Amino acid sequence: MLCTRLTNARILTMDPDHPVAHDLGIWRGRIVGLDEAVTSLPAREVVDLQGATVLPGFIDSHVHLAWAGLKADTPSIAPCERIEDVLAVIGEAASRKAEPGVWVDVAGYDQRALGRHLTAAEIDRVSHGRKIFLMHDSGHACVVNSAVLDLLPPDVPHQEGFLAESAMTAVRRLRLPYSQQELADAIERAGRTCLAEGITACAEAGIGGGLLGHSPVELGAYQLLRDQGRLPLRVQLMAAGDTLRPRAAHRDDGIPRALDLGLRTGFGDDWLSLGALKIYTDGGMMARTAALTEPYEGTSHTGQLQDEPERIAELVVDGHLAGWQLAIHAIGDRAADLALDALERAQTLRPRPAARHRVEHAGLIRPDQLPRFARLGVSAVVQPHFLRSFGDDYADVMGERRAPWMYRGRGFLDHGVTLVGSSDRPVTDGSPLRAIQFMVERASASGRRIGPDEGITVDEALHAYTAAGAYACHWDDSAGSLTPGKRADLVVLGDDPRAVATSRIGDIEVVATYVDGRVAKGST
């Protein structure tokens with residue numbers, strides 16, 4: 001007897017051998033058959049979906065759940081466009097803290113809304129003796145007050161309280177990490193939001209590291225949720241590259257650096273597992289730290305790399321040799337050159353054609369770099385929402401010639417590169433449906449078309465958020481399509497994204513999200 005049979009539905013399976021179905025049978029959390037194979041079978045529960053559309057659960061291959069959950073519970077200056085309004089919010093947040101000298105976090109900082117960066121001296125006027133930390137929305141920079149600057153070593157560079165990349169990491173190391181309970185609550189909060197948007201699995205893009213990791217023992221927060229039955233969706237964890245350490249190992253093992261116990265990609269189960277090794281090469285375009293080969297328009301500035309190029313390349317090679325899948329953050333084209341060069345060197349030393357290495361963001365990719373992605377078998381894990389939310393600004397700072405190269409779609413697919421959809425939540429909107437809409441129409445929130453020739457079809461965009469996401473996370477044997485034997489993780493939509501006008505895709509209702517064959521709590 002089936003546990004559940006879904007009937008009277010338009011089921012888009014993402015399986016080319018059986019692309020559309022009307023019935024789907026579930027037994028013990030797995031899909032056991034479609035259409036005639038299950039229609040006549042008895043079931044404990046029969047759900048008439050009344051013509052709704054069913055898809056595999058969306059996979060967000062690059063998120064920051066802990067950061068998203070913490071940000072949602074932090075005072076924010078995001079609506080403010082005047083310095084005095086920002087300072088008023090900071091002052092209010094600081095005044096709520098009972099004891100002088102404590103840290104006060106404020107979210108939503110983006111200098112573009114203000115026309116310039118805040119300064120430590122300005123924040124000092126409203127800090128009430130507290131240590132103020134404003135996280136930049138990109139995650140690659142912060143602004144602090146003098147009480148924090150006074151604690152930093154004199155060689156840490158800053159611009160009147162603005163610190164980017166490794167300098168921000170130095171600030172974060174001054175603080176005691178969040179507790180595991182705080183992190184667990186934040187992760188659960190963000191995970192529930194994902195479920196409501198039809199996401200059933202995601203890849204957490206970097207735990208335990210200095211830049212965005214929230215604790216050296218961050219994995220414990222996920223295990224705590226798993227043990228308590230509170231993990232809302234399936235999560236694959238990327239270990240930050242700076243968590244690797246030189247280890248004494250047998251020469252034949254070929255492992256120059258490793259996590260303790262030799263852990264690497266693949267450890268875990270269907271709910272919580274260890275995925276790729278996350279390696280940063282550059283910063284972000286919002287903070288103007290993405291590393292470019294040519295300057296940002298109207299400047300002489302070309303961004304920055306996170307470290308000396310050879311040191312970054314050595315980490316890529318060592319991670320590859322140690323058996324990791326690699327997820328290399330590279331937003332600018334200069335950073336992508338470094339990533340591709342290092343991956344080519346690594347594959348030459350020890351060929352691993354099934355490694356499925358990934359470039360995260362691939363924000364600005366020149367035409368000559370596309371064949372290299374294909375030749376190396378590297379997936380491009382893009383964030384369509386970046387151009388939807390920030391496209392006007394990004395197009396301006398890239399200029400007319402380079403703007404079409406940003407967050408490509410058609411260019412990757414035409415070269416045979418696996419195109420993977422993701423959000424980088426909470427940097428911007430996390431909705432897969434709104435991202436799918438952008439991938440097709442290539443229009444920013446203002447309606448500006450950015451690289452329209454990079455637009456792809458609705459089917460291709462759906463593939464990026466289902467089957468391609470599963471491939472990128474090594475889940476393709478159990479997720480990404482509604483195929484017998486795979487997990488019964490799926491999303492029920494109020495309309496078929498392929499049948500409505502493109503401009504309506506982002507507004508399609510998520511009716512329900514199923515994980516393990518059951519409607520997920522809080523998803524409806």
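**Figure 1. Asp 393 and Arg 288 join in a salt bridge in this predicted model.** The side chains of Asp 393 and Arg 288 meet with N and O 2.8 Å apart. The pair links distant parts of the chain. Asp 393 sits in helix α12, residues 384–402. Arg 288 sits in the loop between β17 (272–280) and α9 (309–321). Are the two partners buried or exposed? Asp 393 is buried, and Arg 288 is buried too. Side chains of opposite charge can pair when their charged atoms come close.

**Figure 2. Arg 356 forms a salt bridge with Asp 476.** The closest N and O atoms are 2.7 Å apart. Arg 356 lies in the loop between α10 (333–349) and β19 (358–361). Asp 476 lies in another loop, between α16 (467–472) and β22 (490–493). The pair therefore ties together parts that are 120 residues apart in sequence. How do the partners compare in burial? Arg 356 is buried, with a relative accessible area of 19%. Asp 476 counts as partly exposed, at 30% relative accessibility. The cut-off matters here: buried means under 20% relative accessible area.

**Figure 3. Asp 23 and Arg 5 meet through their side chains in a salt bridge.** The N to O distance is 3.1 Å. Where in the chain do Asp 23 and Arg 5 lie? Asp 23 is in the loop between β3 (20–21) and β4 (24–27). Arg 5 is in strand β1, residues 2–7. They are 18 residues apart, and the pair links distant parts of the chain. Asp 23 is buried, and so is Arg 5.

**Figure 4. Six residues, Arg 30, Arg 234, Asp 270, Arg 487, Asp 489 and Asp 516, are linked in a network of salt bridges.** Look for Arg 30, Arg 234 and Arg 487 among the members. Asp 270, Asp 489 and Asp 516 belong to the network as well. How many salt bridges are counted in the model? The count comes to 44.

**Figure 5. Helices α1 and α7 pack at an angle of about 95°.** Helix α1 covers residues 65–72, and helix α7 covers residues 180–196. Their axes are 7 Å apart. Angles of 65 to 115 degrees count as roughly perpendicular. The two helices are therefore roughly perpendicular to each other. Which residues of α1 meet α7? They are Leu 65, Ala 66, Ala 68, Gly 69, Leu 70 and Ala 72. On the α7 side are Leu 183, Ala 186, Ile 187, Arg 189, Ala 190, Gly 191 and Cys 194. The residues of this contact divide into ten nonpolar, two polar and one charged.

**Figure 6. Helix α8, residues 219–227, has buried residues.** Gly 220, Ala 221, Tyr 222 and Leu 225 are buried. What covers them? The cover includes helices α1 and α7. It also includes strands β13 (199–207), β14 (234–240) and β17. After α8 comes Gly 229. The phi of Gly 229 is positive, near 70°.

**Figure 7. Strand β17 runs parallel to β14 and to β18.** Five bridges join β14 to β17. Ala 239 has Leu 277 in β17 as its bridge partner. Four bridges join β17 to strand β18, residues 326–330. Here Lys 278 has Ala 327 in β18 as its bridge partner. How many residues of β17 are buried? Nine of the nine are, so the strand is largely enclosed by the rest of the structure.

**Figure 8. Four strands form an open sheet in the order β5-β4-β1-β6.** The pairing is mixed. Which strands stand at the edges? They are β5 (30–34) and β6 (43–48), each with a single partner strand. One side of each is therefore left without a neighbour in the sheet. Neighbouring strands are turned by 25° against each other on average, direction ignored. Strands β4 and β5 pair in the antiparallel sense over four bridges. Ile 26 has Ile 31 in β5 as its bridge partner.

**Figure 9. Six strands form an open sheet in the order β3-β2-β7-β22-β23-β24.** The pairing in this sheet is mixed. The edge strands are β3 and β24 (518–519), and each pairs on one side only. Strand β23, residues 510–515, and β24 run antiparallel, joined by two bridges. Val 515 stands opposite Arg 518 in β24.

Terms used
Residues numbered from 1 in each chain as written. Predicted model: local features only at pLDDT ≥ 70, side-chain atom pairs only at ≥ 80, totals over all residues. Heavy atoms only, no water. Axes fitted to C-alpha atoms, helices over the stretch in contact; angles between N-to-C directions. Parallel < 35°, antiparallel > 145°, perpendicular 65-115°, else oblique. Contact = heavy atoms within 4.5 Å. Nonpolar A, V, L, I, M, F, W, Y, C, P; charged D, E, K, R; others polar. Salt bridge = Lys/Arg side-chain N within 4 Å of Asp/Glu carboxyl O. Buried < 20%, exposed > 50% of the residue type's maximum accessible area, 1.4 Å probe, protein only. Pairing = 2+ DSSP bridges.
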